[in-house]
Amino acid sequence: MACLSPSQLQKFQQDGFLVLEGFLSAEECVAMQQRIGEIVTEMDVPLHCRTEFSTQEEEQLRAQGSTDYFLSSGDKIRFFFEKGVFDEKGNFLVPPEKSINKIGHALHAHDPVFKSITHSFKVQTLARSLGLQMPVVVQSMYIFKQPHFGGEVSPHQDASFLYTEPLGRVLGVWIAVEDATLENGCLWFIPGSHTRALVLIHGEVVHKSKQNLSDRSRQAYTFHLMEASGTTWSPENWLQPTAELPFPQLYT
């Protein structure tokens, strides 16, 4: 069960984030890592689609705003890479499995392992205890935070990228698949948090993570929920539901 206590609900409302230790089992984390390993092994990204994912806002707008590969990834499983991992022709300068920044943005819809985690009874119970009446899953990402050069994520609010009216209808669910520490680029509000901790992130809370300069990766699976009841999803968001993949209902 993952039903929040009144004190946990109060802390989340007060702080804008909440850490739930041991939310997933070690076996569930291993299953995600193994599945991601298979997906990466099968990865085939055309040269013209090899997009470096920037975590700096100006570079994001410049690089991704003109990239169809990124903008049309909301209903697909696609690969985004760290800066400096390609030569001028788009060939890998480092092993491909060490070059990926993240995989997004529809693992929750198209991969059975991630679909089962996202729609698990534990997650549904958690959402109900938060009072969500009609939550939908708007996106999901697997973040690698590669050793030595996993990029910094500058301070940001998820609600600025996933804008709704009214505000406060977007919830981030961030699951540490590996130990997240000060050295390998943990989220700033959970220094020293450990494997299997789930972090709830309010859409308007400011958060960041530093560059990973350690020799260990900091893998995480994260997805965003939106309370669809009485909410308008901004037509100006880069991420939009499609005919092939409307935002799926969390409750099954």
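This is a predicted model: local features need pLDDT of at least 70, side-chain atom pairs count only at pLDDT 80 or more; totals for chains, interfaces and linings use all residues.
Reader: What makes Lys122 and Glu28 a salt bridge?
Author: The term asks for a side-chain nitrogen of Lys or Arg within 4 Å of a carboxyl oxygen of Asp or Glu. The closest N and O atoms of Lys122 and Glu28 are 2.8 Å apart, so the pair qualifies. Lys122 sits in helix H7 and Glu28 in helix H2 (residues 26–41), 94 residues apart. Helices here are DSSP runs of H or I with at least four residues, strands are runs of E with at least two, and both are numbered from the N terminus.

Reader: Which residue forms a salt bridge with Asp111?
Author: Arg35 does, with the closest N and O atoms 2.5 Å apart. Asp111 lies in the loop between helix H5 (107–110) and H6, and Arg35 in helix H2, so the pair ties together parts 76 residues apart in sequence. Asp111 has a relative accessible area of 2%, so it is buried. Arg35, Glu38 and Asp111 are linked in a network of salt bridges.

Reader: How many salt bridges are there in the whole structure?
Author: A search finds five. One of them joins Asp75 and Lys76, at 2.8 Å from N to O. Asp75, at 12%, counts as buried. Lys76, at 30%, counts as partly exposed.

Reader: Why is the pair of Phe70 and Trp238 called tilted?
Author: Rings of Phe, Tyr and Trp (its six-membered ring) pair if their centres lie within 6.5 Å; planes under 30 degrees apart count as stacked, over 60 as edge-to-face and the rest as tilted. For Phe70 and Trp238 the centres are 4.6 Å apart and the planes stand at 35 degrees, so the pair is tilted. Phe70 is in helix H4 (residues 68–71) and Trp238 in the segment after strand S11 (232–233), 168 residues apart. Phe70 is buried at 6%, while Trp238 is partly exposed at 21%.

Reader: What makes Tyr221 and Phe223 a tilted pair?
Author: Their centres are 5.6 Å apart and their planes 45 degrees, so they pair and count as tilted. Both residues are buried. Ring pairs link Phe114, Tyr142, Phe144, Tyr221 and Phe223 into a cluster.

Reader: Which residues of helix H7 are buried?
Author: In H7 (residues 121–129), they are Val123, Gln124, Thr125, Leu126, Ala127 and Ser129. These buried residues pack against several elements, among them helix H1 (6–15) and strand S10 (220–227), where contact means heavy atoms within 4.5 Å.

Reader: Which residues line the largest cavity?
Author: Gly74, Asp75, Val138, Leu239, Gln240, Pro241, Thr242, Leu245 and Phe247 do. A cavity is a set of points on a 1 Å grid over the protein atoms alone where a 1.4 Å probe fits but cannot get out, and lining residues have an atom within 4 Å of a point. This cavity holds about 50 Å³ of space.

Note on methods
Residues are numbered from 1 along each chain as its sequence is written. Side-chain values use heavy atoms; hydrogens and water are left out. On a 1 Å grid over the protein atoms alone, a cavity is a set of points where a 1.4 Å probe fits but cannot get out, and a pocket is an open set with protein on both sides within 12 Å along at least five of seven lines; lining residues have an atom within 4 Å of a point. Grid points are joined across faces, edges and corners, and a volume is the space filled by probe spheres set on the points. Buried means under 20% relative accessible area, exposed over 50%, partly exposed in between (1.4 Å probe, protein chains only).
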